Amino acid sequence: MNKWIGSGRLIKDAEIRYFPSTGKPYATFTLAIPDPYARKGEPKADFVDCIVYDKQKVDLIEKHIRKGTKLEIVGWLKSGSYTNREGKRVYYRRIAVAELEFAESRAAEQQADIQAELENLSRESYDFMDIPEGADGELPFA
């Protein structure tokens, strides 16, 4: 079985290219996936290269996905090699994406963090002024 499931953030905008032989589009991008077991001095994320062949998904990526977007993907590991312009053999491994879902944007995550922080503040931490009896007519918003 060759199945890969992961979640991470785009490190830069996806690149949209076209196969020279068919003219069909494909998208490539790299996800930064947090490494919970990273030791001190080691990178705190793994970087996974991905490729999308499905035209509808490529269109979706082109229109809506930007650097920092959190994605959840399902796909399979694809490996291969090619000879570059300098004549050297280059080996690669990447995830061929079969399923793609938006998890959230970085801005949405930050907004959610702020909202959660506000909700955790207790009402006791606020200083409220006591309004004296009969002062209803003096309040500017009454």
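Begin by selecting Arg9, which has its place in strand 1 (residues 4-10); strands here are DSSP runs of E with at least two residues, helices are runs of H or I with at least four, and both are numbered from the N terminus. Before going further, note that this is a predicted model, in which local features need pLDDT of at least 70 and side-chain atom pairs count only at pLDDT 80 or more, while totals for chains, interfaces and linings use all residues. Residues are numbered from 1 along each chain as its sequence is written, and side-chain values use heavy atoms, with hydrogens and water left out.

Stay with Arg9 for a moment: is this residue buried or exposed? Arg9 counts as buried because its relative accessibility is 11%, where buried means under 20% relative accessible area, exposed means over 50%, and partly exposed lies in between, using a 1.4 Å probe and protein chains only.

Next, show the whole protein as a cartoon, where you can count two helices and six strands, which run β-β-β-β-α-β-β-α from the N terminus on. Buried residues make up 23% of the 142 residues in the protein.

Then select Phe29, Leu31, Cys50, Ile61, Leu71 and Ile73, which touch the most other members among the 17 residues of the largest nonpolar core; such a core is a set of buried Ala, Val, Leu, Ile, Met, Phe, Trp, Tyr and Cys residues joined through side-chain atoms within 4.5 Å. Strand 3, strand 4, helix 1 (55-64), strand 5 (70-83) and strand 6 each supply at least two residues of this core, and strand 3 gives the most, with four residues. If you centre the view on Ile61 and leave aside its neighbours within four places in sequence, its contacts (heavy atoms within 4.5 Å) are Ala14, Ile16, Ala27, Phe29, Val52, Arg66 and Leu100.

Finally, select Arg17, Tyr26, Thr28, Tyr82 and Arg94, which lie nearest the centre of the largest pocket among the 16 residues that line it. A pocket is an open set of points on a 1 Å grid over the protein atoms alone, where a 1.4 Å probe fits, with protein on both sides within 12 Å along at least five of seven lines, and lining residues have an atom within 4 Å of a point. The largest share of this lining, four residues, comes from strand 3.
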